[in-house]
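Please take a moment with the sequence and the structure shown below, and then follow the paragraphs in order.

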Amino acid sequence: MSTTSTATTAATGQKLQLRPVSGRIGIEVVDPDLDLLLHDDTARAELHRAMLHHHVVVLRGLAPTPEQHVVLAAALGEPIVPEDHLPKHPDHPMICRFDSAVGYKADRWHTDGTFRDVIPSAAVLVMRTGPDAGGDTTWTNCCAAYEELSGGMKALVDGRKCLHDQGPDAKAVHPVVVAHPDTGRPILFVNDIFSRGIMNLPPDESSAILPFLIRHASRPDFTYRHRWTEGDVVIWDNRSTQHYALFDFEGQRVVERVHVAGGPMEAYRLGDDAPGSNAAGEGPWA
Ligand SMILES: O=C(O)CCC(=O)C(=O)O
Ligand SMILES: [Fe+2]
């Protein structure tokens with residue numbers, strides 16, 4: 001640890017020194033200490049808290065082994081086995097490996113797994129092989145996106161439900177605005193890859209409003225874009241964020257990911273005094 005970091009953490013009583021990486025989303029752990037993050041319960045609790053409050057946590061150059069990767073993820077909850085169809089690390093079934101050389105890309109905005117009733121609460125991604133330039137990943141803060149909607153739009157989406165669909169056995173319905181299970185904060189919960197239609201709105205209104213909400217969620221001022229170096233780790237809260245991996249590079253790009261178990265998410269509802277907050281009973285049309 002640097003002198004500055006030791007001084008700051010001594011002054012605050014914190015084990016991790018944190019530094020924002022953008023205005024609305026993301027925090028970096030300064031000089032992250034792998035041993036501390038794997039073995040010190042206080043530091044691990046601070047890491048979890050940092051994720052809940054800042055949505056994304058950057059750990060530069062941490063370079064965990066696959067075993068350490070899973071232990072790191074366990075600081076945030078229970079690591080889960082990836083779904084069968086996902087590509088795995090050859091020796092570690094808890095770890096997904098996404099290799100551009102075999103055609104993998106994720107270049108549309110999404111929250112992981114919203115086509116399931118229960119989605120992962122968090123993800124821990126490690127850059128294993130990076131291109132010389134490009135291949136950045138961008139995250140957006142969907143709590144900020146909700147906050148920045150007008151009062152009228154908040155009233156319109158109050159009580160609405162959206163169909164998320166990735167195929168015949170991969171469909172779920174979620175509120176358009178969910179309450180974060182840990183912080184209670186409202187989250188604008190629709191995304192470009194999986195959200196198909198707002199079920200309790202007439203289809204013409206859904207097809208006008210949903211694309212607006214999806215576009216609004218990724219406004220650049222809600223985002224953080226990470227330029228990767230091999231060994232970097234980025235953790236994200238998979239309820240309150242969406243992400244987009246840029247497919248703009250030449251050469252190979254390999255990332256490995258561990259997901260952490262989530263729980264059910266409830267709707268966030270406007271207070272009874274809010275204008276137009278009686279929307280829920282309508283439909284369904286879709
Ligand atoms: O490749 C990346 O940077 C992110 C990929 C992604 O969508 C994921 O790991 O869930
Ligand atoms: Fe993803």
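Strand S9 (residues 161-167) and strand S10 run antiparallel and are joined by six bridges, where strands are DSSP runs of E of at least two residues, helices are DSSP runs of H or I of at least four residues, and both are numbered from the N terminus. Within this pair, Cys162 has His174 of S10 as its bridge partner. The model is a predicted one, in which local features need pLDDT of at least 70 and side-chain atom pairs count only at pLDDT 80 or more, while totals for chains, interfaces and linings use all residues. Residues are numbered from 1 along each chain as its sequence is written, and chains are lettered from A and ligands numbered from 1 in the order in which they are written.

The pair S9 and S10 belongs to an open sheet of three strands, in the order S10-S9-S13 and with antiparallel pairing; two strands count as paired if DSSP finds at least two bridges between them. Its edges are strand S10 (170-175) and strand S13 (195-198), each of which pairs on one side only. From one strand to the next, the twist averages 25 degrees, with axes taken as lines fitted to C-alpha atoms, for helices over the stretch in contact, and angles running from 0 to 180 degrees between N-to-C directions.

Another open sheet of three strands has the order S14-S8-S16, and its pairing is antiparallel. Strand S14 (223-226) and S16 each have a single partner strand, so one side of each is left without a neighbour in the sheet. Neighbouring strands here are turned by 20 degrees against each other on average, direction ignored. Five bridges link strand S8 (residues 137-141) to S16 in the antiparallel sense, and Trp139 stands opposite His243 in S16.

Finally, the domain assignment of the chain, which is automatic or taken from a database, gives domain 1 (13-131 + 226-260) and domain 2 (142-218 + 267-281). The C-alpha centres of domain 1 and domain 2 lie 26 Å apart. Their contact takes 14 residues from domain 1 and 21 residues from domain 2, two residues being in contact if their C-beta atoms, placed from the backbone, lie within 7 Å.
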